[in-house]
Structures are given as C-alpha cells and as structure tokens.
Amino acid sequence: MECKTVIQDVICRIKAIKGVEDTYILSEEDKKKIFELEKKAEGAVLMGLGVGDNRGIKEVFKRQVIIAFTTNMNYVWPEGPNVVLMQYGEKVGEDVYDPEKLEECKKCNDMLVMGNLVIYKSCVPKPKDAKKEPITVVLPPKKCQDVECVEGATNAVIASPSTPSDEYIRSVMGLKPAAGLGTFIIGFDLC
C-alpha cells in the first residue's frame, strides 16, 4: 500500500475517534521545535512535584510518521495511568481515574489520595532517609489500537505533549486557546 494512502487512512481513523477535532502532520521543522520544547520542559518542575520525563513523546519521535491532533471534552484518554511518579527507580504514585479504584485507594492506609493522584506512602523515602533525588513525573507512551488497525501502519503510540509543545501545536494549526481543547501526538511506522 502506498505511504500517502496509509497516512490518509490513519488520519481518517484518528478523526473518527470520539472527541477528536482536527489533525496536523508534523513537518521536520515542527519535530525539531517540539523536541527542543520537550527538552526544556523536562528540566522544569511539574506540578511542584519534581522533574519531568515525557517518555511518551520520546517514543512517538522514534516513529516514521508523526501527527498531532486536537481533542474536545468528549475525548476519552487512553486507559492506564497518564502520569507515573518515580523516585530511585521505584513507582511512588500514579493518577487513577476509575472512581471505584480511587475509593479503594482512599480506604488504604498506605495510600495518600489527592484528587486523582495516588501516592504510595511506603515507597516515598522519609525526609531523614531521602537523598536529593527529586521525584520524576513520567508521562508514559500509550498504545493506539485505532491506528494499529489500519493496514500498513504499525507500532502506533500516542503521547501527551508538554504545555509549551501544546501551545506550539495550537499556533501552527492556527488555533486559539480554548477551554476543554487539548492536543495529543501520535507516531507510527509504515510497514
């Protein structure tokens, strides 16, 4: 199957996902700019918790074709944690969106629940024992089954960009900031 046809089929599949508004194929210049913005964001403190590690974006950028897309409030985020807190190579927390699981976490003495963020108390070093390693806020890559189904597309992963990258994507797409409007980036290989 021809590359252009596969890419168009992927775009059609992305646009068919509930809550997706528009798509944009990243140029080489866009990729360089977003890569720079992500590197800067990595060193910044995220949510006051520590440094960032957007593993999702790193995985996306290993793919041949990269497409940004915008979402509205009807978009359902991919399943699994979107944020994982790591320290000394151990998972010390994650976001949880399942209401039942969140209630179970609230009942557990070893878990501290702040909104949708669950911290595993026994995994976090006590201040007297802690060295100076900050918590790393990891944004993991997510599989994208909707794109994996497209003939000629493989290794599809989706990621949430940092705020500066989100702003850049909106600007190149000619969009103004709007409540409830988000961006994601998907990468895939051609087979």
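A salt bridge is a side-chain nitrogen of Lys or Arg within 4 Å of a carboxyl oxygen of Asp or Glu. By that criterion the side chains of Lys91 and Glu94 form a salt bridge, with N and O 3.4 Å apart. The model described here is predicted.

**Salt bridges**

Eleven salt bridges are present in the structure. Of the pair already named, Lys91 is partly exposed, at 36% relative accessible area, whereas Glu94 is buried, at 8%. Shared partners link Glu42, Asp53, Arg55 and Lys58 into one network of salt bridges.

| Lys91 | Glu94 | 3.4 Å |

**The five-stranded sheet**

Five strands make an open sheet with antiparallel pairing, in the order E1-E4-E12-E11-E10. Strand E1 (20–25) and strand E10 (142–143) each have a single partner strand, so they form the edges and one side of each has no neighbour in the sheet. Helix H1 (residues 3–15) packs on this sheet and touches E1, strand E4 (65–71), E11 and E12; the directions of H1 and E1 make an angle of about 155°.

Strand E11 (residues 153–159) and strand E12 (residues 182–190) run antiparallel and are joined by five bridges. Thr154 of this pairing stands opposite Asp189 in E12. Asn155 also lies in E11, and its phi is positive, about 55°, although the residue is not a glycine. Asn155 is partly exposed, at 37% relative accessibility.

**Nonpolar cores**

The largest nonpolar core contains 20 residues, and those with the most contacts inside it are Val10, Ile14, Ile67, Phe69, Val147 and Phe188. H1, E4, E11 and E12 are the elements that supply two or more residues to this core. The highest contribution comes from H1, which gives five residues. Leaving aside residues up to four places away in sequence, Phe69 touches Ile14, Val20, Asp22, Thr23, Tyr75, Ile158, Gly182, Thr183, Phe184 and Ile186.

Tyr88 sits in the loop between strand E5 (84–87) and strand E6 (90–95). Tyr88 is not a glycine, yet its phi is positive, near 55°. With 32% relative accessibility, Tyr88 is partly exposed.

E6 runs antiparallel to E8, and three bridges join them; Gly93 stands opposite Ile119 in E8. Strand E7 (residues 111–114) is also antiparallel to E8, with four bridges between them, and Val113 has Val118 as its bridge partner in E8. The hairpin of E7 and E8 has two residues between the strands, and in it Gly115 takes a positive phi near 65°.

In a regular strand, side chains alternate between the two faces of the sheet. In strand E8 (residues 117–120), Leu117 and Ile119 point one way and Val118 and Tyr120 the other way, and all are buried.

Definitions and conventions. Residues numbered from 1 in each chain as written. Predicted model: local features only at pLDDT ≥ 70, side-chain atom pairs only at ≥ 80, totals over all residues. Heavy atoms only, no water. Pairing = 2+ DSSP bridges. Contact = heavy atoms within 4.5 Å. Axes fitted to C-alpha atoms, helices over the stretch in contact; angles between N-to-C directions. Buried < 20%, exposed > 50% of the residue type's maximum accessible area, 1.4 Å probe, protein only. Core = buried A, V, L, I, M, F, W, Y, C linked by side-chain atoms within 4.5 Å.
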